[in-house]
Amino acid sequence: MTQPQHRSDRTGAPARRRGHRRLALVAAAPLAILTTATVATPTSASAGPRGGEGPRAERLDSVDVFRGLTFTVPAGRDDVGSPQTCTIDADLYRPHSASATSRVPAILTTNGFGGSKADQAGLGHAFAQRGYTVLSYTGLGFPDSGCKISLDDPAVDGEAARSLVTFLGGGLSAAYDSADLAGAPAGPGTLTVDFTRLDDPSRHDPRVGMVGGSYGGQIQFATAAVDDRVDTLVPLITWNDLRYSLAPNNTSLATGTTYADSSPGTQKVGWASLFFGVGIADGLTGVAIDPARNVGCPNFVLQACQAKATLDTLGFPTADTYRLTDRVSVAHHLDRVRVPVFLIQGQNDTLFNLQEAVATYQGLKARGVPVAMAWQSWGHSGGANGASGAAPGELDLTGSDIEGTYLGLRIKNWFDHHLKGTGAPTGPEFAYFRDWVPYTGSAAPAFAAASSYPVGTGQTWYLSSADELVDSPARVLPGSTSWSNPGGGAFASYSEVSALEGQVALPDGVRTPFDTPGTFGSWTTPSLSAPTTIVGSPTLDVRFESPAVAAAQAVGPAGQLQVFAKLYDLAPDGTPTLVHKLVSPVRVADVTQPVHIELPAIVHRVPAGHRLRLVLASTDAAYKNAYAVQPVTVRADPRAPAVLRLPVVP
């Protein structure tokens, strides 16, 4: 899991974040249309339970640590269909007071993409102090575990994790390299777990939850899908459907973030390339553990290399790509997840956006599965207000200040409630961080709470001539706006540099999004008379006119219209802000038909005096762009105007 390294010093100043190379392949899905009807009403989280309740005094136990546990476990089948076993490297953290007569629940956790078991060392120690046995392991394909990266496939990664659950239930033993018993060093040995709480001893069924971020979030769904002994999940910043994550299309959505096979998305060039670079590097690092991981497709299952080649060549996924992404995405095995889930997703995340968490949340809720969702400030693209990690007082799982952070306390209370059975409050069903709310200490005052998602009411704007957004159909003036892409796959708009956002200091020339005149259409509101708070995913219903595309789209996705929708906040001096640099790529299956577009879900307060600008761009530098020239027109028609709907809260 990629841990947030900021913590509150009780003055609101963040501590310095530890630098790292790894990438948290953590995740998301378009939101339901918000109508003008009122839905859930948010309140301040600080007005009710603060993360469930205020911090409680708790005696912290000493911790026993067993390092270098080695498992050899069955893990489905390899690239050629043969049964495979994989080596797993892990560490176990045990409360010193735990024993066969004083049993404790367990937590299973693993790393984000490119990480290792060491990333969860602070978490393991902290939760062991608080009465949990924690097994932190390195995922398959990452040093020093064996086999190739299978992208959290339930039939491979999930099956491997089953053996670790059995170990926590006392059904297996494992050798370890060294130990530290309440501060006293010890040598190598063999460990059999006889100190965890058991739900069914005959099945080696421990009372166990899982927590982790990104890649370490999706593995929780993969494990729960194949092992009903898992009792609860806390996935952070992970995906709903990998087809959407790596090649999104924000129209033609069948359910959640899963779009129609016939209307594929557009490749996120930077993110996809970075994943493969990191994965291949880890294969070279771990060659001594498993030399076979670099044979053929280097350190990835064969289908992953084939999918990457397809995306690089075509710019969009095909049926073969879907066979892989469907297999490794919770959207396609959600029926097999039946335990309580606390979803935590990042607002600042161009990899796994908020829509992905919404899709999982709504899918679980529709199936009657207990679920809560929180939108934190930080994600794969950085934190709030230019910071690189969690906001002060927001989340700390390193042990320094779990109870003093809003999400740290909520996670602890979630586990206490579902694993210890203490009845600890689990907090609101939906909460979201507001970066404009001042506070000191815990970030609870900055989190608004609601009984469910979506929240608020709909605010409607209509596209008019003169590039205006007006608040009534009667004010729409007839006219048109036209633009074209440059063609040849070139970009004329820039939003972000994908995985480098929030991770490195960028030069001035690549910090500010831009759109080249003539390659986009835009429509702007008047100055707002009062602050407007957007929480959720705006939507746009629009018609495009493009005779050139209408004639070419029959050849398939390569001939279909590409559009990149986004919403800017314009300051009184005209300075634009693209919230978290989020855009919604769209590939229009049939340009002769109306199109419904879901824009990025955001939490953003637009101050009075500012304006909102809708932009429909022909290209974006972070994505694979069309090679054919695609001139397009949007007409303002008072009889049937295009409509922008914003989800707003008081």
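These legends describe close-up views of a predicted model. Local features need pLDDT of at least 70, side-chain atom pairs count only at pLDDT 80 or more, and totals for chains, interfaces and linings use all residues. Residues are numbered from 1 along each chain as its sequence is written, and side-chain values use heavy atoms, with hydrogens and water left out.

**View A. Helix α9, residues 406-420.** Helices are DSSP runs of H or I with at least four residues, and strands are runs of E with at least two, numbered from the N terminus. The expected span is 1.5 Å times one less than the number of residues. Just after α9, Gly421 has a positive phi of about 70°.

View B. A nonpolar core is a set of buried Ala, Val, Leu, Ile, Met, Phe, Trp, Tyr and Cys residues joined through side-chain atoms within 4.5 Å. The largest has 63 residues, and Leu92 and Trp375 make the most contacts inside it. Helix α2 (residues 154-168) gives the most to this core: 7 residues.

**View C. Thr110 in strand β4, residues 106-110.** Thr110 is buried, at 4% relative accessible area. Its side chain joins that of Asn111 through a polar contact of 3.2 Å (N or O atoms within 3.5 Å, one able to donate a hydrogen and the other to accept it within protein; residues adjacent in sequence count only if both atoms are side-chain atoms). The backbone oxygen of Tyr137 lies 2.7 Å from a polar side-chain atom of Thr110.

Methods. Buried < 20%, exposed > 50% of the residue type's maximum accessible area, 1.4 Å probe, protein only.
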